[in-house]
Amino acid sequence: MSEKIGNVYIENSNNSIFEKYGIFARKSVLGNSYPLHIHDYYELEIVAEGEMFHECNGKGMMLRRGDVYILSPHDVHRLVPSQKTTIYNLCIYTEQCSKSISRMLLDEEYPRFGRVDDDGMQEIGALHSALRDVLSSTGQYRGARTSALTTLLVSRLFEMSDAEI
């Protein structure tokens, strides 16, 4: 995070992989609060372990293992873990990703929040891990594999999420 306006940070990507492919995946363990911030990309977050309070655009809710949410560009949000919490992030610039992913993220018919059961969490964890591996690898098919895994991961999240809350 590089700039602060009032009490909100403007998060910028300084990641060369993100800039090249428009996709960034990470597994984060949160022990401390993450301050109010915004960014100019979509972000899918999956709570893998623990629980946290999530505030987005002035509304808050407690999230726990299996909860999935999508943040649109310019949503003002923050995370406050009540214990050590592991989350999977998938950050996506729609201008650089496949048309199928863009359509899913931009379609108002898709829920912005859902819950995945334990079996689904195992599959999502494996797909997210595979995507992180591909993004950190080298090779001529890296872009194609990144696109394919991202499409699969996003599609499966939409299919598995049981309901909008």
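## Strand β9 and its partners

Strand β4 (residues 34-38) runs antiparallel to β9, and two bridges join them. In this pairing, His37 stands opposite His77 of β9. The model is predicted.

Strand β6 (residues 51-56) also pairs with β9 in the antiparallel sense, here over five bridges. Phe53 stands opposite Val80 in β9. The pairings of β9 are set out below.

| Strand | Residues | Bridges to β9 | Sense | Residue opposite one in β9 |
|---|---|---|---|---|
| β4 | 34-38 | two | antiparallel | His37 opposite His77 |
| β6 | 51-56 | five | antiparallel | Phe53 opposite Val80 |

Which side chains of β9 point to the buried face? Strand β9 covers residues 77-81, and its side chains alternate. His77, Leu79 and Pro81 point to one face and are buried.

Now the chain as a whole. Its secondary structure comes to four helices and eleven strands. The chain has 165 residues, and 47% of them are buried. Among contacts with a separation of 6 or more, 75% are between residues 24 or more positions apart. The accessible surface comes to about 8500 Å². Carbon and sulfur atoms hold 48% of that surface.

Last, the cysteines. Is Cys56 buried or exposed? Cys56 is buried, because its relative accessible area of 19% falls under the 20% cut-off. Cys91 is buried as well, at 2% relative accessibility. A search of the whole structure finds zero disulfides.

Methods. Residues numbered from 1 in each chain as written. Predicted model: local features only at pLDDT ≥ 70, side-chain atom pairs only at ≥ 80, totals over all residues. Heavy atoms only, no water. Buried < 20%, exposed > 50% of the residue type's maximum accessible area, 1.4 Å probe, protein only. Contact = heavy atoms within 4.5 Å. Areas by Shrake-Rupley, 256 points an atom, 1.4 Å probe, with all protein chains shown as cover. Disulfide = S-S within 2.5 Å. Pairing = 2+ DSSP bridges.
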